[in-house]
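Trainee: Can we go through this one together? I'd like to ask as we go.
Mentor: Fine, go ahead.
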Amino acid sequence: MHFAGYPLSALLGAFGIAGGLAVVLYILKLRRRPVPVVFSPIWRRVLGDRESSRLFSRLKRWLSLLLQLALLALLALALGDPRLGVNSQEARHVVLLIDASASMLASDVAPSRLAKARELASGFLSGLGSNDRMLIAQMDANVTPLSTMTDDVAALEVGLEHLRASDTHADLGRGLSFALDSLRGRSHPEIIVISDGAFPESVTRHVPPRDGVELSFVPVGSAAQNVAITAFSVRRYPLDRSRYEVMLEVFNTNDAPAEVELSMFGDGQLVQTGHLSLAAKERRAQFFPNLAGADRTLEAAIELPPGQDFLSRDNRAYALMPERRRTRVLVITPGNTYLEAALLLDEYLEVTNVKPGEPLPEGRFDVTILDGLSVPAEPRLGGLLYLDVPASGGPLGHRREIRDFGFDRWDEKSGILRWIAPENIQVISGHALAPEARDQIVGSSELGPILVAGRRNGQPFVALGFDPRHSDLVLRVAWPLFVLNTINHFVEEDTGYISSFRTGDVWQVPAPGPGELGWISEPGGERYRVAIKEGRAAYAGIHAGFYELAVDGSDRPPTRFAANLNDLDESQIAPVAKLELGGSEAGEAKGFASRARHQIWGYLLLAVLLVSALEWITYHRRVTV
Amino acid sequence: MLSALKRALGGTGRGLGPRREAGKARAPSPVLFDDEFQRKLETLALVSRRVFAGRMRAERRSKKQGSGVEFADHRAYVPGDDFRFVDWNVYQRFGRLLVRLYEEEEDLSIYLIVDSSASMAFGSPSKFDQARRLCAALAYVGLANLDRVTVVAASDHAGALMPATRGKNRIFKVFHFLQQLEASGVTDLSTSLKTFVAQHKRRGLAILLSDLYDPTGFESGINVLRYNKFEPYVLHMVEPASSFAGQEGIVGDINVYDCETGEEREVTVTEQVLRNVRAAHKEYDAAIQRFCTRSHVPYFAAPADQPFDELVLGLLRRGGVLY
């Protein structure tokens with residue numbers, strides 16, 4: 001026997017102190033209270049035949065003391081948490097990784113694979129040896145420990161109760177790394193993975209070295225039928241923002257054709273229905289042009305006959321359309337017909353023209369266009385578009401004057417140059433700009449940067465290094481597109497371009513206003529605190545649906561955005577019976593036969609109760625007198 | 001907590017004295033015989049006269065035959081008898097010499113024997129105080145009727161004695177004597193009454209005021225009076241009911257000791273034990289009454305918590321004590 005709790009010396013010390021105290025109290029207890037009576041022969045007559053002998057009375061007292069000392073000894077032993085058999089050095093240390101990815105919500109195993117995994121995990125808990133310790137971790141896109149490395153089965157069961165599925169893929173590599181870190185330096189390390197095994201090959205091929213850690217795999221799942229929405233995107237038409245276009249990709253992972261009923265909901269109302277006939281293993285991208293009826297949110301849902309689809313989580317997808325509101329634009333220009341014409345193209349713009357030197361109008365603007373000049377930056381001016389940005393007073397300076405140039409390099413992913421072919425633009429004269437380190441060079445000639453985007457004190461800007469009228473840009477269709485793209489860039493930021501995020505990734509969500517702290521509301525209603533840096537909040541969402549980001553102290557409405565699973569690998573829910581990692585196969589979990597845990601302290605406390613009851617019955621019920 | 005520890009270390013229980021005071025009574029109440037008490041005595045004396053009007057005179061015939069005027073009996077003449085008492089009429093008719101006997105008139109001797117053992121002071125209200133009040137009241141009635149009243153204190157020996165006296169104006173002497181008495185010592189009625197009998201040749205009414213908690217047995221004490229031709233009357237000072245009620249708080253492991261002998265006994269008291277003790281006390285009182293009835297000894301129970309004037313009046317109405 002050994003002690004897993006307090007060491008023997010501490011127990012002896014505690015018992016000595018408590019025992020000494022008990023003896024002192026016992027001696028005090030022996031001094032009975034003297035009570036005079038009027039005629040003791042009457043008491044003798046009453047008690048005479050019941051009174052025990054002097055010897056027995058003494059023995060009874062000693063028995064009382066012995067019972068009290070026995071109680072203390074049992075309690076001290078219980079504090080020591082004595083264990084029978086092998087000592088703790090030979091105990092197993094187990095990390096139980098439970099797959100909580102979206103595929104674990106498949107209902108091929110009633111009620112779900114995750115429930116089955118929880119049931120299997122409970123079996124492992126009941127099969128833990130008295131010295132074994134276990135850590136339970138939830139494995140999805142992240143790894144979340146649900147307990148400490150403990151032998152307390154109750155704590156492990158509580159941790160297991162907190163197991164929740166997410167709408168993400170499972171990152172097995174991250175899970176294994178976590179488990180190996182947790183087991184480093186521990187005796188008899190072991191990792192048990194409970195999963196349906198739907199891991200991409202890229203993951204299973206490259207796993208961290210296990211260094212003698214035993215790996216076991218417990219498969220879950222029985223069927224593979226599933227049809228999923230694997231991509232969903234929406235965009236407004238630039239010149240008619242009341243209409244939009246939707247791209248939807250549906251993947252039939254089954255080996256048989258599937259008939260899919262499609263529904264689309266705009267702002268919660270049904271706006272489109274359709275029927276898709278998919279061949280076996282067919283992955284089809286479908287465009288739905290020129291749709292109307294939705295203003296902000298769009299949701300797609302597919303439905304299949306029973307038995308053809310066991311995973312419902314990937315049957316819905318969410319997208320958010322750019323907010324359709326009038327954009328307030330302040331134009332400070334001595335007069336620019338091309339600019340005025342370009343701004344007339346968009347009926348959702350509310351343009352205010354101001355001459356240079358005139359006082360700026362009151363109110364907040366989304367965008368301010370500065371035509372060859374600069375003004376002191378103010379947050380209420382919104383995003384700043386500099387045309388032929390001056391060398392001083394603007395966000396960046398000039399490197400040098402250049403002539404006869406064009407766009408030789410540009411950022412194709414930048415929304416500012418969306419639908420534009422910059423290579424055709426010819427410029428007579430301008431300036432090569434001098435961007436700062438964090439600025440984004442959107443376009444440059446061989447002579448230097450000529451189109452730069454960035455932020456100064458949190459306020460975004462786009463600077464053009466030449467006067468558009470000194471180029472053929474104003475004669476091209478690219479000119480109004482550039483102006484409108486830039487306005488959209490300021491107003492919508494990335495949410496206008498990315499109609500939804502992917503769950504499991506770390507999102508950089510543009511904040512609706514300046515601030516350092518904000519709240520993110522999840523689709524389920526939970527709210528989490530987030531930090532905002534450089535106008536963006538970093539957040540790793542794990543649930544599909546619509547989110548909101550609000551900034552503390554900002555009077556602007558919260559930013560809404562959507563998130564989807566959109567994972568081809570995760571939608572292929574065919575379970576695997578064996579797990580091969582790095583060329584070796586994970587074994588079966590052994591040594592977890594259900595058995596009683598040999599933790600003696602519970603029995604010791606039971607003995608304390610029994611002895612206490614015996615002492616109470618003997619000395620307090622007064623059956624002896 | 002502190003009081004519990006104090007009790008554990010030998011402190012006093014509620015209303016009960018420590019063990020070292022065993023066999024010693026409390027100090028007598030300084031206002032035992034106050035003006036109110038004396039007024040009640042006057043009232044009792046008047047009431048007693050009214051109750052026994054017509055058959056109560058200021059004297060009492062003794063059974064002693066002698067030179068009185070009331071014929072009592074005849075007996076055979078023996079040489080030496082006074083010729084004046086020879087009944088010549090009988091001699092004339094029957095030829096036998098018989099002497100006429102007359103009842104001798106003499107004043108009654110009343111002995112008030114107050115138990116002054118420590119047990120008399122036990123409980124509240126005190127039996128000892130009640131006994132002294134009763135004694136004073138009876139003495140007053142006796143003195144008022146010109147009887148010879150003697151007051152004796154008895155415990156394990158014949159203690160203080162107030163010699164025989166008569167006359168109502170001597171009641172203050174009685175008061176003073178009773179006031180000086182202290183309840184102490186062990187009850188031993190047999191020994192103390194033997195001493196009393198030896199000291200008092202003149203027989204009379206012996207009123208015993210005692211709780212009769214005699215470890216040697218209450219019967220022997222009463223029998224001493226009976227066998228020596230005294231007329232015993234037992235005024236049993238009964239333990240007040242409140243004394244038992246107070247004992248409900250002594251449940252637990254305690255060390256009981258006799259208030260007279262100091263005899264100790266470690267007991268564990270439960271409610272059942274207390275009930276048994278109370279029942280044993282009642283049985284003890286009943287045994288006393290049974291014995292007195294069998295022995296033709298008048299018995300009167302005098303609870304310590306009952307007003308003394310009610311008790312005296314009850315005694316007088318019942319009769320047999322004084323008249």
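Trainee: What does helix α6 of chain A lie across?
Mentor: This is a predicted model, to begin with. In it, α6 (residues 172-183) of chain A lies across β4 (93-99), β5 (133-139), β6, β7 and β8 of chain A. The helix runs at about 160 degrees to β4(A).

Trainee: And what is the strand order in that sheet of chain A?
Mentor: The order is β6-β5-β4-β7-β8, an open sheet of 5 strands with mixed pairing. β6 (143-145) and β8 (214-219) are the edges; each has a single partner strand, so one side of each is left without a neighbour in the sheet. From one strand to the next the twist averages 25 degrees.

Trainee: Do β7 and β8 of chain A pair in the parallel or the antiparallel sense?
Mentor: Parallel, over 6 bridges, with β7 covering residues 189-195. One pair to look at is A:E190, whose bridge partner in β8(A) is A:E214.

Trainee: Is A:H188 buried or partly exposed?
Mentor: Partly exposed, because its relative accessibility is 47%.

Trainee: Which residue in chain B has a positive phi without being a glycine?
Mentor: B:H296 is one, with phi near 60 degrees. The loop between α9 and β11 (299-303) of chain B holds B:H296. At 72% relative accessibility, B:H296 counts as exposed.

Trainee: Switching to peptide bonds. Where is there a cis one in chain A?
Mentor: Between A:A110 and A:P111, with omega about -10 degrees. A:P111 belongs to the loop between β4 and α4 of chain A.

Trainee: Which residues does a cis peptide bond join in chain B?
Mentor: B:S124 and B:P125, where omega is about 0 degrees. B:P125 is placed in the loop between β4 (109-115) and α4 (127-144) of chain B. As background, most peptide bonds are trans.

Trainee: Back to helices. At what angle do α4 and α5 of chain A cross?
Mentor: Roughly 175 degrees, and the axes of α4 (residues 113-126) and α5 (residues 153-161) come within 11 Å. That makes α4(A) roughly antiparallel to α5(A), because angles over 145 degrees count that way.

Trainee: Which residues meet there?
Mentor: From α4(A), A:R118, A:A121, A:S122 and A:L125; from α5(A), A:V153, A:L156, A:E157, A:L160 and A:E161. By type the contact has 5 nonpolar, 1 polar and 3 charged residues.

Trainee: What about α6 and α7 of chain B, how far apart are their axes?
Mentor: 7 Å, with α6 (residues 189-199) and α7 (residues 218-227) packing at an angle of about 15 degrees. That makes α6(B) roughly parallel to α7(B). Their crossing is right-handed.

Trainee: What makes the contact between α6(B) and α7(B)?
Mentor: B:L189, B:S190, B:L193, B:K194, B:F196 and B:V197 on the α6(B) side, and B:S220, B:G221, B:V224 and B:L225 on the α7(B) side.

Trainee: Which strands of chains A and B form a sheet together?
Mentor: β2(A), β9(B) and β10(B), in that order, as an open sheet with mixed pairing. The edge strands, β2 of chain A and β10 of chain B, each pair on one side only. The twist averages 40 degrees from one strand to the next.

Trainee: How many residues of α2(A) are buried?
Mentor: 6 of its 8 (residues 40-47), so the helix is mostly covered, buried being under 20% relative accessible area. They are A:S40, A:P41, A:I42, A:W43, A:V46 and A:L47. The cover includes β2 (33-37) of chain A and, from chain B, β9 (252-258), β10 (264-269) and α9 (271-294).

Conventions. Residues numbered from 1 in each chain as written. Chains lettered and ligands numbered in written order. Predicted model: local features only at pLDDT ≥ 70, side-chain atom pairs only at ≥ 80, totals over all residues. Heavy atoms only, no water. Buried < 20%, exposed > 50% of the residue type's maximum accessible area, 1.4 Å probe, protein only. Helix = DSSP H or I, 4+ residues; strand = E, 2+ residues; numbered from the N terminus. Contact = heavy atoms within 4.5 Å. Axes fitted to C-alpha atoms, helices over the stretch in contact; angles between N-to-C directions. Parallel < 35°, antiparallel > 145°, perpendicular 65-115°, else oblique. Left-handed = near helix turned anticlockwise from the far one by under 90°. Nonpolar A, V, L, I, M, F, W, Y, C, P; charged D, E, K, R; others polar. Pairing = 2+ DSSP bridges.
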